[in-house]
Amino acid sequence: MTSFALIGAAGYVAPRHMKAMQAIGGDLKVAYDPNDSVGVIDSHFPDAHFFTEFERFDRHVDKLRRRGEKIDYVSICSPNHLHDAHCRFALRSGADAICEKPLVLNPWNIDSLAEIERDTGRRISTILQLRLHPAIIALRDRFEASGKRHKVDLTYITSRGRWYYASWKGDDAKSGGVATNIGVHFFDMLSFVFGPAKRNEAHLREAERAAGFLECANADVSWFLSVDRNDLPVSVQGKKTTFRSITVDGEEVEFSEGFTDLHTKSYEEIVAGRGFGLDEVRASIDIVSTFRNLPVTSGHEWRHPAMRVVRS
């Protein structure tokens, strides 16, 4: 039976990882989070050990290793700025790592992790679930064969309350900002479908929203991301808290369904040795890291048919 440890058990995405572990027949041996609101563990692995102090968690993982009961995978759902350190911990503990997005905040962190992979012989896989979405795979296959450049418009709005700005997610130094925190998996998807980015422009960069332009190998992409509920289309305000739209050459791409089991599919692929490693994650980390440091160019406008106009 595949054994797991979990870092960040009280986080928003942690239940998806527990469900995936359970679905593939794995066993969560031990979990850690400085916060103790982790009752969700009872629904999946009630016998898992749990610690609120990292030192005690570290000691328990080491004890299991010395007993010959070492952990196979450490799953990492901690705040973004800690992913790098927690991946290092996993590999130095003799385990492989499964890390939530974004794997790291900057591309040079990937280079350091690659050295530790070589030193330990262990592997880091990251959750790039959109690459496993049937609609996205079909999109890639369709446009790879087209032989043309495409015009892409991406809008993603996922409203967040006041708590967001009091948490690590509202701290750019810890989350990487809106473009990194809620956008990195979309940028990975765009690179996956349309090829690597050749040009990157920043048109808007605020605490609540970000926008820009990407020239990918096979597409020109205009994008807008927001966590402000006032940016939701009027037609969904008061009804939904999230809105996503991707159009390619003016045609809406429907992929709102099929997200439910993508973490489970990710775990199945990782355990089978087909996980997405450091090389696959680099393109999206390059995009968000570069965007974070670009000068903002003004005079641009974005409009979704159902949205108000947003100008820089």
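I looked up the UniProt record: an unreviewed entry lists residues 4-125 as "domain: Gfo/Idh/MocA-like oxidoreductase N-terminal". UniProt positions are given in the numbering used here, and annotations may be inferred rather than shown by experiment. The end C-alpha atoms of this span lie 14 Å apart, and it is 39% helix and 19% strand. Helices (H or I, at least four residues) and strands (E, at least two) are DSSP runs, numbered from the N terminus.

I noted that this is a predicted model, where local features need pLDDT of at least 70, side-chain atom pairs count only at pLDDT 80 or more, and totals for chains, interfaces and linings use all residues. Residues are numbered from 1 along each chain, and side-chain values use heavy atoms, without hydrogens and water.

Next I checked strand β10 (residues 219-226). Of its 8 residues, 6 are buried, so β10 is largely enclosed by the rest of the structure. Buried means under 20% relative accessible area, exposed over 50%, partly exposed in between (1.4 Å probe, protein chains only). Strands pair if DSSP finds at least two bridges between them. β7 runs parallel to β10, with 8 bridges; β9 runs antiparallel to β10, with 7 bridges. β9 and β10 form a hairpin with 2 residues between them.

Last, I looked at salt bridges (a side-chain nitrogen of Lys or Arg within 4 Å of a carboxyl oxygen of Asp or Glu). The structure holds 19. One of them joins R131 and D188, with the closest N and O atoms 2.8 Å apart. R131 lies in the loop between β6 and α5 and D188 in helix α9, so the pair ties together parts 57 residues apart in sequence. R131 is buried at 12%, and D188 is buried at 2%.
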